[in-house]
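My entries follow the structure.

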Amino acid sequence: MGRFPEGFLWGGATAANQCEGAYDTDGRGLANVDLIPHGPERRAVMNGVRKMLECEEGYFYPGHEAIDFYHHYKEDIALFAEMGFKCFRLSIAWTRIYPNGFDEEPNEAGLKFYEDVFDECRRYGIEPLVTIVHFDAPVACTKKFGSWKSREMIDCYMKYCRTLFTRYKGKVKYWLTFNEINMILHMPFMAAGVLIEEGEDGELVKYQAAHHELVASAMATKLAHEIDPENKIGCMLAAGQYYPYSCNPDDVFEAMKKNRDNFFFIDVQSRGEYPEYAKKFFQRENYDIGITPEDEKVLKENTVDFISFSYYSSRVASAEPERYGETAGNIFASVKNPHLKASEWGWQIDPLGLRITMNALYDRYQKPLFIVENGLGAVDMPDENGYVDDQYRIEYLKAHISAMADAVDIDGVPLMGYTPWGCIDLVSASTGEMKKRYGFIYVDKDNEGKGTLKRSKKASFEWYRNVIASNGEQL
Ligand code: BGP
């Protein structure tokens, strides 16, 4: 008996807006994620401070072409199959299916594209894991009613979900309702198409939008189960436990609060109600986010089947953050941990933190977990033959898989699968760069958008093939 269960879903993860390209092909509508330029204004657009609702002259939008998975999916899935993938996490671009979000009829070309992708996966015995919304929202919805600020968005989302669950019944069984749902509090435009207007209380707007997403997620869970009782629905958290900087109770309390800011979403999606600390917070701030008795009912009765999350790093909280200096780490501000090394982008590397995070999530929710993102963003330098010997990536993944095995085997945390991020190089969400690479497969493309798009295997390709073939025994 190995450390991982039989049928463990080894694979890799991508998202439509970071790999597909073909942003205006075959009737696809414009989405918020198409409007996030590379360069100095990126952050301001992501958090909705700099409003950009059209493609503007003089800006480079790396997602427009990305790695053109749209036209390369057969080749790419064949490579995933060669590594032995059991599972492939991808997202559907909402605006390929409903270009404006509120259209009467879905776009057949978009539906057909994903059908072909799923059929291609199935040909190799690869189970698709589908993110329904990976940050994208139709721009037409932002213009018409402010995207997730409005309840109208729930109707658009439900129409979209009904179309997906019906059309792909029997082809897709694992669904995630929203990628990194907690990101909405940090990057409201990139994560949800929400702009904060002059005079609005930004915090209130974000919690309001989050509430609409939470209700939509529960309604989608209900619908997915009705349409096919085989469906399994997961929530998705940008995870990474906050550690207290010291044993000073003020630091410990700060870490507890920061963890709750993230758990808040999963508390609702997994336990079915707003936690007391959130209700008190809304009362104190005088925030009326419009929770109706029907909302409470739908949330209570339709909790998720499993909990998925991304993990890149742990985080640190201190009562005096200015004193210790901050580090980057996937949008989340964190005090720098003096015990850890960091990636070239300042994301601190903490394999044991993965085990800690898994235990924290399982202790809290007692539902199966699924690690749907993990990995090292690094600069790869191909040699004269175009080969990338990415031992640093292998080291990172080895250490994380080993910690994950301990969580499963020693701590008894049920884990459904592991799909490391960007199994094929793709555009970075936070920076828009191509040179921040995660893949087992190298794609010839640079930050300026130049390159042949040729795919080649890195050293980690063969290594991961062996990990999967041995069900995680040979690292
Ligand atoms: C997560 C997102 C992904 C992905 C990943 C890596 O937040 O769900 O879309 O991009 O982080 O981040 P980055 O691309 O910024 O390195």
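I began with glutamate 115, which counts as buried because its relative accessibility is 16% and the cut-off for buried is under 20%. The model is a predicted one, so I treat each value as computed from it. Glutamate 115 meets arginine 167 in a salt bridge, with N and O 3.0 Å apart. Arginine 167 lies in helix α7 (residues 152-167) and glutamate 115 in helix α5 (residues 108-123), so this pair ties together parts that are 52 residues apart in sequence. Arginine 167 itself is partly exposed, at 25% relative accessibility.

Next I looked up glutamate 127, which forms a salt bridge with arginine 122, the closest N and O atoms being 3.1 Å apart. I noted that glutamate 127 is buried, at 16% relative accessible area, whereas arginine 122 is partly exposed, at 34%.

Then I turned to glutamate 54 and lysine 143, whose side chains meet in a salt bridge of 2.8 Å from N to O. The two come from distant parts of the chain, 89 residues apart, with glutamate 54 in the loop between α2 (42-46) and α3 (69-83) and lysine 143 in helix α6 (residues 139-145). Glutamate 54 is partly exposed, at 46%, and lysine 143 is partly exposed too, at 47%.

Which residues are linked in a network of salt bridges? I found Asp380, Asp390, Arg393, Asp425, Arg437 and Lys458 joined in this way. For the whole model, I recorded a count of 38 salt bridges.

Technical notes:
Residues are numbered from 1 along each chain as its sequence is written. This is a predicted model: local features need pLDDT of at least 70, side-chain atom pairs count only at pLDDT 80 or more; totals for chains, interfaces and linings use all residues. Side-chain values use heavy atoms; hydrogens and water are left out. A salt bridge is a side-chain nitrogen of Lys or Arg within 4 Å of a carboxyl oxygen of Asp or Glu. Helices (H or I, at least four residues) and strands (E, at least two) are DSSP runs, numbered from the N terminus. Buried means under 20% relative accessible area, exposed over 50%, partly exposed in between (1.4 Å probe, protein chains only).
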